[in-house]
Amino acid sequence: MSETHIPVLRNEILDFIKPNSEGIYVDATIGLGGHGLWILQRSLPSGRLIGIDRDVDALAIAKKRLHSFKDRLSLIHGNFAQLQQLLELQSISKVDGVLMDLGVSSLQLDSPARGFSFQQSGPLDMRMDTQISISASDVINNSSPDKLIQIFREYGEERYAKQIVRKIVAVRSEQQITTTRQLADIIENVYSNNAKRSKASLHKRKSIHPATRVFQALRIEVNSELENLKLGVESAISMLKIGGSICIISFHSLEDRIVKQIYRKHAKSCICPPKTPVCICEHKKSLDIITNRPLVPSKSEIEANPRARSGKLRVAIRV
């Protein structure tokens, strides 16, 4: 196993989850096992870790990396949106801590064959779970123009969504768009044309690659990431013991907003509309929010691991 995967905000995660030898912990996005390794080490001799991931390739690497902990480790191919069901299949009713690292793994980003990155040409895929049927290429070639505009705007906050979609439709009428390089070239062409008319656009282009937002939006659409996140956070909260921690690292504003909103809902004693004279919702507070503002990586961590720079950690405790 190469050491290219560096767990983001590792020390902070360990401080909040507080692994111990009596606990059961869930790494709901175990990836290459970076965080999981440290949780297992800190919970010696008998703490248990349940590692879940949608990516069978990542699970194979995690299994190899964490083989020495096999008696205390259970690896599951699955979607954390079904966290409760997955844990119940392991005869687990409650856990002491849950971690969700929502970032794309190094394995996915660095493999051209997975189609997550525009830095190298590869098939336009982006499926975290290669067993699902719809790829990014299917979305690009078969979605209506209105649907593509919606995806790029809502999930990528892409300001040139209409122009990019217009170009995509023109190209796909002549040939299928099947590679990351084809799509990146289309987007760069649109940005280049706009940059000629706007110095601001040119400056913006230098700070972030033009394809970044569209690729993010496509990845979210293909993997139903935001819908799964909502289900997964709710499921994780329901499975926590009293005093258990939930730690979620997000990497863009859409994810962070969902996590913040769900935490806040569960931290309230009443969720009735503001003008309701008497509480009728019967909602009970189930979380204490520990991080009113998300924790972010230190300057030294970002220097050691540039991919950590967008990470935001939100933590809450079950009450």
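Modeller: A crossing is left-handed if the near helix is turned anticlockwise from the far one by less than a right angle, and right-handed if clockwise. Helices here are DSSP runs of H or I, at least four residues, numbered from the N terminus. The model is predicted, with local features needing pLDDT of at least 70 and side-chain atom pairs pLDDT 80 or more, while totals for chains, interfaces and linings use all residues. Residues are numbered from 1 along each chain as its sequence is written, and side-chain values use heavy atoms, without hydrogens or water.

Colleague: How is the packing of H7 and H8 described, and at what angle do they cross?

Modeller: Two packed helices are described by the angle between their axes and the distance between the axes. Axes are lines fitted to C-alpha atoms over the stretch in contact, and angles run from 0 to 180 degrees between N-to-C directions. The axes of H7 (residues 145–156) and H8 (residues 161–172) come within 9 Å and cross at roughly 140 degrees. H7 is therefore oblique to H8; under 35 degrees would be roughly parallel, over 145 roughly antiparallel, 65 to 115 roughly perpendicular, and the rest is oblique. The crossing of H7 and H8 is right-handed.

Colleague: Which residues of H7 meet H8?

Modeller: Contact means heavy atoms within 4.5 Å. Pro145, Leu148, Ile149, Phe152 and Arg153 of H7 meet residues of H8 including Ile164 and Ile168.

Colleague: At what angle do H8 and H9 pack?

Modeller: H8 and H9 (residues 180–195) pack at about 130 degrees, their axes 9 Å apart. They are therefore oblique to each other, and H8 passes H9 in a right-handed crossing.

Notes:
Helix = DSSP H or I, 4+ residues; strand = E, 2+ residues; numbered from the N terminus.
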